[in-house]
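Here is a short briefing to read with the model open beside you. Take it one topic at a time and look up the residues as you go.

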Amino acid sequence: MLTPREFQALSLIARGCTDRDISALLRVSLSTARKYREHLHTKLALNKSAQLAIYYLETFSALESTNKNQLTNTKLSDRELQIVQLFSQGLSDKEVARKLGISDLTVRKHRSNMQSKLATSNICGLLYEAVANGWLALP
């Protein structure tokens, strides 16, 4: 069971916030924000922040409204959707590249393009937007 503060930190991680963002939003020190993230990794037995984001989305599926007007015309390509699906399984850039038989630099470029399209700064924000827009179905 998560404490209310852990839930707040998990929610912010799922939206793609950095430790610095979390510290500012929760009004705690940067080291405390890092401890929240580390504690959540340990408590939930998840190794990556992307896995924390997917856990949040699976467990607490009542997504808050996102700015869908801005994203309405945004469409991900079939390859980008395929890559997002693999990221949701917790795979790294290199693991996705091996699985698809492409260069890890190509995967990074796809990730960068998707983050630009969806105005996110990291993989957690990318996964959150993909689920919020219905492009990624949770298992």
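The notes below start with the whole chain and then turn to selected places.

This is a predicted model, in which local features need pLDDT of at least 70 and side-chain atom pairs count only at pLDDT 80 or more, while totals for chains, interfaces and linings use all residues. Residues are numbered from 1 along each chain as its sequence is written, and side-chain values use heavy atoms, with hydrogens and water left out.

**The whole chain**

- The chain has nine helices and zero strands; helices (H or I, at least four residues) and strands (E, at least two) are DSSP runs, numbered from the N terminus.
- Of the 139 residues, 45% count as buried, where buried means under 20% relative accessible area, exposed over 50%, and partly exposed in between (1.4 Å probe, protein chains only).
- The accessible surface of the chain is about 7,700 Å², and carbon and sulfur atoms hold 50% of it; these areas come from the Shrake-Rupley method with a 1.4 Å probe, and for residues only the protein chains shown count as cover.
- Among contacts (heavy atoms within 4.5 Å) with a separation of 6 or more, 58% are between residues 24 or more positions apart.

**The nonpolar core**

- The largest nonpolar core has 40 residues, and Leu40, Val84, Phe87 and Leu127 have the most contacts inside it; such a core is a set of buried Ala, Val, Leu, Ile, Met, Phe, Trp, Tyr and Cys residues joined through side-chain atoms within 4.5 Å.
- Helices that each supply at least two residues of this core include helix 1 (4–14), helix 3 (30–44), helix 4 (49–59) and helix 9 (123–132).
- Helix 9 gives the largest share of this core, seven residues.
- Leaving aside neighbours within four places in sequence, Leu127 is in contact with Ala50, Ile54, Leu57, Val84, Phe87, Ser88 and Leu136.

**Helix 8, one side in and one side out**

- Helix 8 (residues 104–118) has 15 residues and should span 21 Å at 1.5 Å a residue; its end C-alpha atoms are 21 Å apart, which agrees. The expected span is 1.5 Å times one less than the number of residues.
- Which residues of helix 8 are buried? They are Val107, His110, Met114, Gln115 and Leu118.
- These residues lie on the same side of helix 8, because they cover an arc of only 135° around the axis; the arc is that of the directions from the helix axis to the C-beta atoms.
- On the other side of helix 8, Leu105, Lys109 and Ser116 are exposed.
- Ser103 caps the N-terminal end of helix 8, with a side-chain oxygen 3.0 Å from the backbone nitrogen of Leu105.

**The loop between helix 6 and helix 7**

- Gly90 is in the loop between helix 6 (78–88) and helix 7 (93–100), and Gly90 is buried, with a relative accessible area of 9%.
- The C-alpha atoms of Gly90 and Asn47 are separated by 8.5 Å, although these residues are 43 residues apart along the chain.
- Not counting residues up to four places away in sequence, Gly90 touches Lys48, Gln51 and Glu95.
- Ser92 lies in the loop between helix 6 and helix 7 and is partly exposed, with a relative accessible area of 27%.
- With the sequence neighbours up to four places away left out, Ser92 touches Lys48 and Phe87.

Note on methods. Polar contact = N/O pair within 3.5 Å; in protein donor to acceptor, adjacent residues only side chain to side chain.
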